[in-house]
Amino acid sequence: MDKLNFINEELGKLKKSGLLINIRTIEGHQGAWITVDGKKALNLCSNNYLGLANDPEIKSAAQKAIENYGVGPAAVRTIAGTTTLHKELERKLALFKGVESAISFQSGFCANLAVIPTIVGKEDVVFSDELNHASIIDGCRLAKTRVVRYKHCNPEDLQSKIHAEKDASRKLIITDGVFSMEGDIAPLPEIVEIAEKYDAITMVDDAHGEGVLGRGGRGIVDHFNLHGKVDIEVGTMSKAFGVVGGYVAGTKILTDLLAQKGRPFLFSSAVTAADVAACIAVVDTLNKSDDLVKKLWSNTRFFQDRMKQIRFNIGNTKTPITPVMIGDARTARDFSQKLFEEGIFAQSIGYPTVPVGKARIRVMLSATHSEEDLTWAIGHFEKIGMALGIV
Ligand SMILES: *Cc1c(COP(=O)(O)O)cnc(C)c1O
């Protein structure tokens, strides 16, 4: 087994540098309070922004779909046909996003792997924010396209880099809408302006903007009122939607081409009827009321204001994603461990998810939290922060 020794060495290195991820096990459903590794804890790290992952109406929509459609899709959509449910979801998503058409994928990750290689290839250039999500990076690798990284949320740098490549055959600018480790928002109006000047295609990955930004959670394009100005929107249904799945939204010709060429669409089975029905129910819920989105934002302001008062550095967040900056990866892990001992589930995040020396506790607010929950958690943050010399 000598030939596999390097695996042990790799794991040993991760452990030594404090970067070995401790994957905790959850029993039962999602919510503000969950059972983690056998212990009841306040959940401060899920992407279940609106609490829809365990919503009774969404669950019953999924149960009904299992009755009517069974549990599995039985093959990929191009070969065995697609269900009326998938079509209904895509129609409703397009309306919700205010675009002509949408096409669903198994996940947001798959949506990026499908759309980027469909749009660009070897002859083209992608301009990519340096903090873009891994699935965008991998999508570019699959496309074998040239990638020019511009400084994070920096339109001046984008402008000068795109100017240097102005004669490239096809130019695609890609940005996360909300950056998942920082919580800041892409300067989309400036990006769109630059794109127009250089005739570049624009693409935004709205994974953390869905259900969070814009009117009733319609996302970043709605937030900036840029309808019709962004060519490609990628979304996920595994975060605020509380289910699973991804999609690409834009023009009808874009989604038509993706149904012909998007490899995860062609060569991997679709999500199940239960998932799709649950996603449809989520869109219906968001269309009916913005109460959950409002509650998410009031919790966000409550938590972030108080954390700043105790002098925690929470970076440049503009959204419910709250990076509590620690710095050293091992200290961040200790912090997370101590929080867990007190009954608070908030994971530390280190390299390679964030740069070396920028380890943090990433707190995710949710509409499911009560102000009492948050006040109680903040008290423990303060106590542990003082003990570890962070505040
Ligand atoms: C989470 C995330 C994804 C992946 O979405 P999944 O549906 O979980 O695969 C893609 N892009 C961004 C920016 C994300 O934050």
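## Domain interface

Domain 1 and domain 2 bury about 1500 Å² between them, and carbon and sulfur atoms give 64% of that area. The model is predicted. Domain 1 is built from two segments, 22-49 and 290-387, while domain 2 covers 56-288. The contact draws 21 residues from domain 1 and 18 residues from domain 2. Taken over C-alpha atoms, the domain centres are 27 Å apart.

## Polar and charged links

Nine residue pairs are in polar contact between domain 1 and domain 2, counting pairs with both residues at pLDDT 80 or more. One salt bridge is found across this interface. Elsewhere in the listing of side-chain pairs, R360 and E182 form a salt bridge, with 2.9 Å from N to O.

Which elements give two or more residues to the side of domain 1 that touches domain 2? They are helix 13 (291-309), strand 11 (321-327) and strand 14 (359-364). By class, this side of domain 1 has 11 nonpolar, six polar and four charged residues.

Four strands form an open sheet in the order 1-2-3-12. The pairing is mixed. Strand 1 (26-27) and strand 12 (344-345) are the edge strands. Each has a single partner strand, so one side of each lacks a neighbour in the sheet.

Strand 1 runs antiparallel to strand 2 (residues 33-36), and two bridges join them. I26 has V36 of strand 2 as its bridge partner. In general, strands of a sheet pair through backbone hydrogen bonds, either parallel or antiparallel.

Terms used. Residues numbered from 1 in each chain as written. Predicted model: local features only at pLDDT ≥ 70, side-chain atom pairs only at ≥ 80, totals over all residues. Heavy atoms only, no water. Domains from an automatic or database assignment. Contact = heavy atoms within 4.5 Å. Buried area = accessible area lost by both parts, 1.4 Å probe. Salt bridge = Lys/Arg side-chain N within 4 Å of Asp/Glu carboxyl O. Polar contact = N/O pair within 3.5 Å; in protein donor to acceptor, adjacent residues only side chain to side chain. Nonpolar A, V, L, I, M, F, W, Y, C, P; charged D, E, K, R; others polar. Pairing = 2+ DSSP bridges.
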